[in-house]
4 protein chains.
Amino acid sequence: MTPEPAPAWQTTAWLNTPRPMELAQLRGKVVLLHAFQMLCPGCVAHGIPQAQRVAKLFEDAPLAVVGLHTVFEHHAAMGAESLRAFLHEYRVPFPVGIDAPGPAGDPIPRTMRAYAMQGTPTTILIDAQGRRRRQMFGVHDDLLLGSEIGTLLAEMEQQRLEATGAAPAAGHCIDGRCEVGAGAATRNPLP
Amino acid sequence: MTPEPAPAWQTTAWLNTPRPMELAQLRGKVVLLHAFQMLCPGCVAHGIPQAQRVAKLFEDAPLAVVGLHTVFEHHAAMGAESLRAFLHEYRVPFPVGIDAPGPAGDPIPRTMRAYAMQGTPTTILIDAQGRRRRQMFGVHDDLLLGSEIGTLLAEMEQQRLEATGAAPAAGHCIDGRCEVGAGAATRNPLP
Amino acid sequence: MTPEPAPAWQTTAWLNTPRPMELAQLRGKVVLLHAFQMLCPGCVAHGIPQAQRVAKLFEDAPLAVVGLHTVFEHHAAMGAESLRAFLHEYRVPFPVGIDAPGPAGDPIPRTMRAYAMQGTPTTILIDAQGRRRRQMFGVHDDLLLGSEIGTLLAEMEQQRLEATGAAPAAGHCIDGRCEVGAGAATRNPLP
Amino acid sequence: MTPEPAPAWQTTAWLNTPRPMELAQLRGKVVLLHAFQMLCPGCVAHGIPQAQRVAKLFEDAPLAVVGLHTVFEHHAAMGAESLRAFLHEYRVPFPVGIDAPGPAGDPIPRTMRAYAMQGTPTTILIDAQGRRRRQMFGVHDDLLLGSEIGTLLAEMEQQRLEATGAAPAAGHCIDGRCEVGAGAATRNPLP
């Protein structure tokens with residue numbers, strides 16, 4: 001089963017970014033897409049803090065954290081003005097797109113529908129080639145999410161080496177540290 | 001800076017395993033070595049539960065979690081009998097070695113000294129080739145630890161592919177799920 | 001320093017109650033007034049869950065938990081419609097009044113001003129005689145809040161005994177249990 | 001049902017105190033007796049930290065926190081030497097008695113038996129007259145424990161007033177603050 005390209009994002013506005021974002025722009029980076037609603041308790045207590053931790057821990061790595069406000073209930077209560085205040089108060093630093101409303105009669109917004117999300121919070125990992133690699137509904141473990149991010153980052157580095165034939169370079173930088181990678185040794189195992 | 005082979009373990013006894021363990025036996029697996037003292041509050045509150053979470057989450061992956069009881073203070077209070085009761089009460093499932101006492105006059109046990117650990121808890125990651133890749137003193141983040149485990153597991157899979165020339169196989173199993181890997185696609189990027 | 005009567009509440013609407021509430025109606029009960037804003041992170045993470053725990057733990061005791069939505073910033077983002085959705089999503093069970101807007105030019109609503117609150121969350125304890133006994137800004141400890149509630153409930157029971165000359169009756173019911181009080185023994189100490 | 005006098009403590013040694021303690025010495029104070037085992041996970045994670053919070057929060061109040069090491073399993077693993085190291089490492093500041101072993105063949109120590117404790121952790125509240133007022137097995141809520149402490153402290157103050165006919169004095173000091181009580185007003189309600 002080969003991973004499929006992640007659907008494009010359909011949004012009406014963006015906050016925390018000077019211009020709208022498109023998934024295609026992020027080719028070459030691992031993307032964590034966090035879909036939430038500002039009045040969803042599980043998002044506020046777990047999902048958003050986890051996305052914030054990822055954004056901070058991997059700020060020097062080729063990884064982008066992007067939020068998506070996928071309102072599918074209480075639409076009047078979660079307009080753009082309320083979302084803007086929410087992002088300010090909760091110190092959410094990453095770009096957040098507002099998912100485009102569904103066609104008449106559909107309370108589910110368009111990107112949420114395209115990804116067949118089951119609800120909020122939903123965390124999606126997209127690899128450096130734009131393919132959807134993981135989609136998780138609900139609360140999930142930092143260890144698990146971390147290991148999947150580590151896997152995608154290691155894959156990306158491996159591809160870079162293969163594509164360039166270059167000497168192995170620095171491993172990824174995380175948590176404010178950049179370390180020499182084990183690429184050389186990895187490819188030339190100890191006898 | 002090439003990673004160096006991890007020092008051998010010097011122990012006097014093992015619990016939770018029918019026979020003593022040696023690091024060399026674990027070649028081909030990623031190893032998380034958790035050094036602790038049973039009366040170290042940070043170990044009990046954070047380190048050991050984290051090692052338990054790793055053991056459970058990655059139980060189907062080529063990863064071994066091993067404990068090391070590195071007593072460097074209150075030696076009389078943390079003998080083998082007390083440790084045995086501790087492991088039972090805290091439901092620690094993985095093998096635990098008792099670090100060999102240091103030479104006369106040295107309160108630091110031998111493996112702890114060989115690894116130059118700063119205290120407890122200390123978490124050490126050793127790759128599938130037996131090389132020490134990370135050593136962390138104190139409490140650290142699940143996301144960070146997870147990403148480093150994911151990186152080492154991905155490296156190992158990549159090496160396996162290169163060594164065998166085999167078709168890419170299943171990605172690693174984690175959290176009770178085994179998923180088809182992206183190896184093929186990884187090596188044959190989308191145009 | 002004698003406790004002073006708590007200021008009356010000035011509100012424009014009430015949610016979670018069929019009719020508006022007034023402090024004077026609650027004479028004879030201990031009142032926990034929890035002032036919050038729906039987009040205040042400390043309120044959502046700490047203050048409101050604590051008020052919910054109090055409401056549940058003391059549901060059989062003569063104690064009323066009342067919320068007050070004291071919006072002093074982002075007014076447009078926290079209107080009645082948004083608050084209604086918030087209370088629904090967070091399963092807030094107790095009555096919540098919307099604090100009346102201040103006079104022109106004052107962003108601080110009227111009850112918040114009358115109580116001289118410093119911000120949100122603020123937790124206020126009012127005794128059975130309608131007197132303000134404690135006002136706490138920010139996060140505070142369950143043990144501390146619990147002991148102050150216990151003190152006010154015990155005072156109330158003591159007054160009841162003095163007023164009626166009645167035989168000591170059941171102690172207060174908490175946590176779903178009603179226990180025989182120690183009133184008799186209290187007033188007739190063991191020799 | 002009138003509260004009964006709490007059984008006397010039967011111990012073999014005391015730590016964290018220059019001389020052995022007896023319950024009778026503590027008449028005039030509310031006593032929180034925390035029974036634990038040093039290798040009981042629930043005690044270490046919940047019971048002992050809660051007793052420590054009570055000791056700190058009420059350090060200026062007429063309340064004594066006392067520990068009791070009630071070993072009923074793994075006796076060899078939890079001797080006095082191990083306990084001493086445990087109390088040091090976990091920074092337990094209050095006196096801890098070692099419960100006296102039961103008669104031959106009984107693994108349950110004597111005080112544990114006399115109080116009919118079901119296991120550890122067990123938290124017991126004894127009022128200023130030496131009567132057992134509450135006994136709770138397992139983990140319990142800070143709000144609940146706090147309210148019961150507040151009730152016992154308020155009772156004690158009330159009795160003091162009745163006994164002396166004195167003018168109402170300072171309420172109890174908690175959390176490092178001593179506040180003027182509401183005694184006067186309580187006894188002379190506002191018109």
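A salt bridge is a side-chain nitrogen of Lys or Arg within 4 Å of a carboxyl oxygen of Asp or Glu. The model used here is predicted, so local features need pLDDT of at least 70 and side-chain atom pairs count only at pLDDT 80 or more, while totals for chains, interfaces and linings use all residues. Residues are numbered from 1 along each chain as its sequence is written, chains are lettered from A and ligands numbered from 1 in the order in which they are written, and side-chain values use heavy atoms, without hydrogens and water.

**Exercise 1. Salt bridges**

Task: Find which residues Asp127(A) is linked with in a network of salt bridges, and describe the bridges of Asp127(C) and Glu157(B).

Solution.
1. Over all chains, the count is 28 salt bridges.
2. In chain A, the network joins Asp127(A), Arg131(A), Arg133(A) and Glu155(A). Within it, Asp127(A) bridges to Arg133(A), with 3.0 Å between the closest N and O atoms.
3. Accessibility is read on this scale: buried is under 20% relative accessible area, exposed is over 50%, and partly exposed lies in between (1.4 Å probe, protein chains only). Asp127(A) is buried at 3%.
4. In chain C, Asp127(C) meets Arg131(C) at 2.7 Å, N to O. Asp127(C) is buried at 4%, and Arg131(C) is buried at 0%.
5. In chain B, Glu157(B) and Arg160(B) form a salt bridge at 3.2 Å, N to O. Helices (H or I, at least four residues) and strands (E, at least two) are DSSP runs numbered from the N terminus. Because they stand three residues apart in helix α4 (residues 142-164) of chain B, Glu157(B) and Arg160(B) are separated by about one helical turn. Glu157(B) is partly exposed at 22%, as is Arg160(B) at 33%.

**Exercise 2. The sheet of chain B**

Task: Give the strand order of the open sheet in chain B and state which helix packs on it.

Solution.
1. Two strands pair if DSSP finds at least two bridges between them. The order of the six strands is β1-β4-β3-β2-β5-β6 (chain B), with mixed pairing.
2. At the edges are β1 (11-15) and β6 (132-137) of chain B, each pairing on one side only. From one strand to the next the twist averages 20°.
3. Axes are lines fitted to C-alpha atoms, for helices over the stretch in contact, and angles run from 0 to 180 degrees between N-to-C directions. Contact means heavy atoms within 4.5 Å. Helix α1 (residues 41-57) of chain B packs on the sheet and touches β2 and β3 (63-69) of chain B, its direction making about 160° with that of β2(B).
4. Strands β2 (residues 30-36) and β5 (residues 122-126) of chain B are antiparallel over five bridges. Val31(B) has Ile126(B) as its bridge partner in β5(B).

**Exercise 3. A residue of helix α1**

Task: Is Val54(B) buried or exposed, and which residues is Val54(B) in contact with, leaving aside neighbours within four places in sequence?

Solution.
1. Val54(B) lies in helix α1 of chain B.
2. Its relative accessibility is 0%, so Val54(B) counts as buried.
3. With neighbours within four places in sequence left aside, Val54(B) is in contact with Leu143(A), Leu32(B), Leu63(B), Val65(B), Leu145(B) and Ile149(B).
4. Leu152(B) is 98 residues from Val54(B) along the chain, and their C-alpha atoms are separated by 14 Å.
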